[in-house]
Amino acid sequence: MNIVREQREGGVSLLSVTVGEADYAADVEKALRDYRRKANIPGFRPGMVPMGIVKKMYGKGLVAEQSYRKASNGVFEYLRKEGIDYLGDVIPSEEQGAFDFDNATEFEFKFEIGEAPKIELELSDKDELTYHRIAVEEQMRADYRSNYLRRFGRLADVEEVTSDEALTVTLDNGDMQVQDAYVGLISMSEEERKPFLGKKVGDKMQVNVNELYKTPSQRAAILQVKENELETINPEFSMEITKIRKFAEPELNEEFFKMAFPAGDVKTAEELDRMLEGQIASELARESDYLFTLQLRDYLVAKAALKMPEAFLKRWLYTINEGKFTMEDIEKDFDQFLKMFTWNYLQKHFIAAEKLTVTPEEAETEAKALAAAQFAQYGMPSVPEDMLAGYAKQILDNKEQSQKIYEKLFEVKVVEAVKGKIKVTEKAVSSEEFANLAKAM
């Protein structure tokens, strides 16, 4: 086998691999013997098919398969021995010629690699970034507390519509009457709620269900019919309010704390407020960390100014996706892909340079945090440790989820390592200012 590397413009190398009969003959012969042993051909007992027939049936295909395998494996071994760093993967070259597997015994395979650019990135306190910390506002505290307690609240009857109540109504358009229909104002915008404000039980108003609910599934649900029946129904209804209910926060008594915190870690209103304050701070810190990571990513990508083999990467994306995307699709999203690809490449550089590692214990802790957050979304803020450990194990046993966790933890460590090399100034901003900064990313 002979391998010749030709470096081209644009950070691409062409690898020409010449494979001779001596390279693949033994593997072809072994494969033919296996085929002969397993072949089931009428007129011959198993294992007794003449080798000439087996060669005629499978020989050409096996020569093609084994010679390509030898060439492909040879390329990877060559890159390893030569210490050549490349991006993406090795792909067949567009310059590949045709093969004559019927008559020839020597074949030339052509492959391409995208050469990995050298990273020369010096960081110091002259590199400055701002860490935006979200200031906790009183309305934020009130909203967070209200949303948290809503999980444990109940619907209580009230006399008048004031904001986001739940209504039970009777609908009547002359042709049909729907009793005990549900109208939830919480899912409406302030403008959509206006006609309902001030209404009381017994009040009537005209509504158009097509305007009240935008989707066919919602309209079918309120009218208690199937979606395919909607076209025959007059959407103009007289609506009478029969019940008005509003979520009432639970009373913060012993019964509530036992139900909400079975572990007994929160027992009083003061402890609840301290816990909520900690959760708010934790959530805001995650938001600030995420924005800083994006800003640091963009800063480092711009400062490194790596010359990536863009044309190769586009061909590589097209090849590995096996036609799922056209070149036009790839071109459309390529700038965003290149930014993320470059950031991942820079992360690998820092991971190696700083000798960063993620331990299984750190991954388990992160998986537990993820599981706890999922439980909290379903109204279970306090979950036994053994249950969290079980769900964390399920998460880590999932290859895709486990990889995401390790990638996230490595990114966090890269960001912390870089923060120690540059100047970071902290600045408090309002939630509105922060939202505008995040929107600009």
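This is a predicted model: local features need pLDDT of at least 70, side-chain atom pairs count only at pLDDT 80 or more; totals for chains, interfaces and linings use all residues.
Strands of a sheet pair through backbone hydrogen bonds, either parallel or antiparallel. Here, 4 strands form an open sheet in the order 1-2-4-3, and their pairing is antiparallel. Strand 1 (2-8) and strand 3 stand at the edges with a single partner strand each, so one side of each has no neighbour in the sheet. From one strand to the next, the twist averages 20°. If you look at strand 2 (residues 12-19) and strand 4 (residues 107-115), you will find an antiparallel pairing over 8 bridges. Helix 9 lies across strand 2, strand 3 and strand 4, and it runs at about 60° to strand 3.

Next comes helix 10 (residues 327-353), which bends by about 60° at Phe334. Phe334 is also one of the buried residues of this helix, along with others including Leu338, Trp343 and Phe350. What covers the buried residues of helix 10? The cover includes strand 3 (86-92), helix 8, helix 9 (310-320) and helix 13 (399-419). After helix 10 comes Lys355, with a positive phi near 55°.

Now for the aromatic rings. A pair of aromatic rings is described by the distance of the centres and the angle of the planes. A search of the whole structure turns up 16 aromatic pairs. In one of them, the ring centres of Tyr35 and Tyr58 are 4.5 Å apart and the planes are at 25°, so this pair counts as stacked. Because Tyr35 lies in helix 1 (residues 21-38) and Tyr58 in helix 2 (residues 51-82), the pair ties together parts that are 23 residues apart in sequence. Tyr35 is partly exposed, at 34% relative accessibility, and Tyr58 is partly exposed as well, at 29%.

Tyr131 and Phe292 make another pair, with centres 5.7 Å apart and planes at 50°, so it is tilted. Tyr131 belongs to strand 5 (residues 128-134) and Phe292 to helix 8 (residues 269-304), so this pair links parts that are 161 residues apart in sequence. Both Tyr131 and Phe292 are buried. Over the face of Phe292 lies Lys419, at 5.4 Å from the ring centre.

Finally, look for a cluster in which ring pairs link Tyr24, Tyr68, Phe99, Phe101, Phe107, Phe109 and Phe111.

Note on methods
Residues are numbered from 1 along each chain as its sequence is written. Side-chain values use heavy atoms; hydrogens and water are left out. Rings of Phe, Tyr and Trp (its six-membered ring) pair if their centres lie within 6.5 Å; planes under 30 degrees apart count as stacked, over 60 as edge-to-face and the rest as tilted. Helices (H or I, at least four residues) and strands (E, at least two) are DSSP runs, numbered from the N terminus. Buried means under 20% relative accessible area, exposed over 50%, partly exposed in between (1.4 Å probe, protein chains only). A charge sits over a ring if NZ of Lys or CZ of Arg is within 6 Å of the ring centre and within 35 degrees of the ring normal. The bend at a residue is the angle between axes fitted to the seven residues ending there and the seven starting there. Contact means heavy atoms within 4.5 Å. Two strands pair if DSSP finds at least two bridges between them. Axes are lines fitted to C-alpha atoms, for helices over the stretch in contact, and angles run from 0 to 180 degrees between N-to-C directions.
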